[in-house]
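Have a look at the model first, then read on.

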Amino acid sequence: MKIDYQPIEWLGNRVRILDQTKLPQKETYLVTDDYRKVAGAIKELKVRGAPAIGIAGAYGVVLGALKIKAASREEFLKQVQKVSDAIASTRPTARNLFFALERMQKASAKGKNPEEIKKALVTEAQKIHKEEADATKHLSELGAGLMKKGWTILTHCNTGPLATSGYGTALGVIIATHKQGKKVQVLADETRPLLQGARLTAWELKKAGVPVTLITDSMAGHFMRSGKVDCVITGADRIAANGDTANKIGTYPLAVVAKENRIPFYIAAPVSTIDMKIKSGARIPIEERGADEVLRFNGQLLVLDGINAANPAFDVTPNRYITAIITDKGIIKPPYLEGIKKLI
Ligand code: MRU
């Protein structure tokens, strides 16, 4: 697939990030050599989606490291760790961020002196970027094998090239299916409160030439019950060792209604999203974001002043609702504990 937009680009000594908070109205970029700006961009969702957060985080570590002036290797590594900690504190749920930071830490430990470590970090970040992009291409092609001709596919949030700096996860599967000429169409949830489905998924599908109809999140059950949905597919931010999956808030009710109506519910994610250290979904950290994202629209207050709002950014879907998990290393079917262990 030819993509005419790049969510993250490494420019040698700076990084260029497409500001997703401004899409689809404006295509503007943040170009920076300051890791704090990268951390800010992750926190503010200028760059978002689990794999893209990991890639941006890795480049953030590089930017921080390139500016460190330390007399010894030990002092240098200490300061790199501080940069990494600052980036790690931006968003807690997406496993890919920590996967990337752990790889960057391992790469830095191998260098003999600051100059060698800087070089190793640049190489590792670019490697993570390429490997994650390749993984999404592979899982998209694998997942397309599960999709049937003429299907209407329901999806949630945004999981395309924007969210992965690659091919996409759930949206990658949909686009790959479309490319195979299977004439699928998509029902895209708008995804309250930040409208990643309406602003980003609809934009990416239109660019890819896939027919898309936008629905509000609360319409999904109606469409499933009326027989208008053939399958549901979403991405993942963290998958526990038993297959329980954290994804954008609103995914769990989709999975429950899909099961009730005997509609297959698929998760698509690279293996870098799987967290073998977390045994079940109950242990996945759920990011709580500011109430203003719910209370305001385009900066304007929607409710009476003083009203409270809750804003958990993710929910956890128990493994029993998931028909299969599509990864770059293969498609996993229940029982997930055994399937995931075998694959990893
Ligand atoms: O809060 P966001 O926009 O980063 O949430 C993104 C999602 O929940 C995606 O579904 C997820 O990262 C899937 S992986 C492409």
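Three elements each put at least two residues into the shell around the ligand: α2 (50-66), α6 (161-164) and β9 (245-248). Keep in mind that this is a predicted model. The shell also draws on two domains, with at least three residues coming from each of domain 1 (8-137) and domain 2 (141-343).

**Who surrounds the ligand**
- The ligand has 18 residues around it, and R48, A50, R91, N247 and K248 are the closest.
- Sorted by class, the shell holds eight polar, six nonpolar and four charged residues.

- N247, one of the closest residues, has a side-chain N or O atom 2.7 Å from an oxygen atom of the ligand.
- R91 is also on that closest list, and an N or O atom of the R91 side chain is 2.8 Å from a ligand oxygen.
- How much of the ligand does the protein bury? On its own the ligand exposes 420 Å², and the protein buries 100% of that.
- As for the space the ligand takes up, that is the largest cavity.

- Going from R192 to P193, the peptide bond is cis, with omega near 5 degrees.
- You'll find P193 in the loop that links β5 (185-189) to α8 (196-208).
- P335 sits in the loop between β16 (330-332) and α12 (336-343).
- C157 isn't a glycine, yet its phi is positive, near 60 degrees.
- Where is C157? Look in the loop between β4 (152-155) and α6; α6 (161-164) is one of the elements that supply at least two residues to the ligand's shell.

Definitions and conventions
Residues are numbered from 1 along each chain as its sequence is written. This is a predicted model: local features need pLDDT of at least 70, side-chain atom pairs count only at pLDDT 80 or more; totals for chains, interfaces and linings use all residues. Side-chain values use heavy atoms; hydrogens and water are left out. A residue is near a molecule or strand if one of its heavy atoms lies within 4 Å of it. A polar contact is a pair of N or O atoms within 3.5 Å; within protein, one must be able to donate a hydrogen and the other to accept it, and residues adjacent in sequence count only if both atoms are side-chain atoms. Accessible areas come from the Shrake-Rupley method with a 1.4 Å probe; for residues, only the protein chains shown count as cover. On a 1 Å grid over the protein atoms alone, a cavity is a set of points where a 1.4 Å probe fits but cannot get out, and a pocket is an open set with protein on both sides within 12 Å along at least five of seven lines; lining residues have an atom within 4 Å of a point. A molecule sits in a cavity or pocket if more than half of its atoms lie within 2 Å of its grid points. Helices (H or I, at least four residues) and strands (E, at least two) are DSSP runs, numbered from the N terminus. Ala, Val, Leu, Ile, Met, Phe, Trp, Tyr, Cys and Pro count as nonpolar, Asp, Glu, Lys and Arg as charged, and the others, Gly among them, as polar. Domain bounds come from an automatic or database domain assignment.
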